[in-house]
Amino acid sequence: MAQGDSNGSSKHHARRVPTLGKATILAIGKAFPSQIIPQECLVEGYIRDTKCEDAYVKEKLERLCKNTTVKTRYTVMSKEILDKYPELATEGTPTIRQKLEIANPAVVEMATKASLACIKEWGRPVKDITHIVYVSSSEIRLPGGDLYLANELGLKNDIGRIMLYFLGCYGGVTGLRVAKDIAENNPGSRVLLTTSETTILGFRPPNKARPYDLVGAALFGDGAAAAIIGANPLNQESPFMELNYAVQQFLPETHNVIDGRLTEEGINFKLGRDLPQKIEANIEEFCKKLIAKSNTKDFNDFFWAVHPGGPAILNKLENTLKLSTDKLECSRKALMDYGNVSSNTIFYVMEYMRDHLKENGGEEWGLGLAFGPGITFEGILLRSL
């Protein structure tokens, strides 16, 4: 074990040995745009920037902002961007070209920073990365961000690249599942998984006919995350979580509950009010599939790394599975500190969970969960090392 590991284990608990051949998370990193927005400042800024004079819209947004539990978020959008592209604040204007001019480079810049932070923590040379899995619902171009990111990082030109587009909130866990399969089926491989998201494509002036726009304005943020995934860790590597078993499932006839369409104005989202109820009705059976592979059966004996789509989803999950109140603490903290950053957020939760497990010894087994369009459930049985 590396020096840091032996220090850590003497202070806390003996490190568990990774299962031979199973993928592990070897490092994690994150990055954000420079502009930070305290939630209490969001309403005034959004109303001013979109030149909205509707008191009802302002009051509704204020109420939503309080209910989200979010305290701070990061955003690519800035006064400079709106000065350069004033049409972004004009209702009904075709702005997809302008939004992509902003979003495409912004997501790669954030992805690069998150990847570099992750590689630094990993401690091995960039040339040792064999595959890249890049996840984003915030850019559109050919070639995709995976190639731009590979160039920025100086990765080998024969690296195996996979680009996962437009998965939404469950994309980070899908990325983990895909990276797990690559790592376990290519001996010695090291997979860089990077996610990067911005809300620019969905930015538009508020309209009473589109209530979900206000939910998005109150809840979503921008940022990037990265992880290095590999099986059979070497001595200089520090695995902290094993990706033991992965399951994806969609709920039939629910594809209209979360609906996103690309239009001349960007991405238009509609979110069904029944989303938390749909998740609530199906989550227990899904979690039982995952935990069947472990030697633990009580939900409260697991740690929980859940993508915080919003407080209503976390509350439904907690009540349905009868979880003790501390189980979703890392998810609630990630939501509070960053908002819902789509595919990235699961990694912010996992980073908090890593710290929590290190400090407290903690449970051996856990679940990583995310939900998104489809309705799709994506889950991984995790093992703390």
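I'm working from a predicted model here. The domain assignment puts domain 1 at 23-231 and domain 2 at 241-384. For the contact between them, I noted 55 residues from domain 1 and 47 residues from domain 2.

**Sheet.** Next I traced the strands. I found an open sheet of 9 strands with mixed pairing, and I wrote down its order as β5-β4-β6-β7-β1-β8-β13-β12-β11. Which strands sit at the edges? They are β5 (160-165) and β11 (303-306), and each of them pairs on one side only.

Strand β1 (residues 23-31) pairs with strand β8 (residues 241-250) over 3 bridges, in the antiparallel sense. Across this pair, Thr-24 stands opposite Glu-242 in β8.

**Helix on the sheet.** I looked at α7 (residues 171-185) after that, a helix that packs on the sheet. Its list of touched strands includes β1, β4 (131-136), β5, β6 (191-197) and β7 (223-231). It also touches β8, β12 (365-372) and β13 (376-384). I noted about 120° between the direction of α7 and that of β8.

**Cores.** Which residues have the most contacts inside the largest nonpolar core? I got Leu-61, Leu-88, Ile-129 and Ile-228, in a core of 49 residues. Helix α5 (residues 96-122) gives the most to this core, namely 12 residues.

I picked Ile-228 and listed what it touches, skipping residues up to four places away in sequence. Among them are Thr-24, Ile-25, Leu-26 and Ala-27, then Cys-118, Ile-119 and Trp-122. Ile-129 is on the list too, along with Arg-190, Val-191 and Leu-192.

There is also a second, separate core of 40 residues; I spotted Leu-164, Leu-176, Ala-225 and Leu-243 in it.

Last stop: UniProt, in an unreviewed entry, places the feature "active site" at Cys-169. I found this residue in the loop between β5 and α7. Buried or exposed? Cys-169 has 16% relative accessibility, so I put it down as buried, the cut-off being under 20%.

I also wrote down the contacts of Cys-169, leaving aside neighbours within four places in sequence. They are Phe-220, His-307, Asn-340, Ser-342, Ser-343, Ala-370, Phe-371 and Pro-373.

Definitions and conventions. Residues are numbered from 1 along each chain as its sequence is written. This is a predicted model: local features need pLDDT of at least 70, side-chain atom pairs count only at pLDDT 80 or more; totals for chains, interfaces and linings use all residues. Side-chain values use heavy atoms; hydrogens and water are left out. Two strands pair if DSSP finds at least two bridges between them. Helices (H or I, at least four residues) and strands (E, at least two) are DSSP runs, numbered from the N terminus. Contact means heavy atoms within 4.5 Å. Axes are lines fitted to C-alpha atoms, for helices over the stretch in contact, and angles run from 0 to 180 degrees between N-to-C directions. A nonpolar core is a set of buried Ala, Val, Leu, Ile, Met, Phe, Trp, Tyr and Cys residues joined through side-chain atoms within 4.5 Å. Buried means under 20% relative accessible area, exposed over 50%, partly exposed in between (1.4 Å probe, protein chains only). UniProt positions are given in the numbering used here, feature names are shortened, and annotations may be inferred rather than shown by experiment. Domain bounds come from an automatic or database domain assignment.
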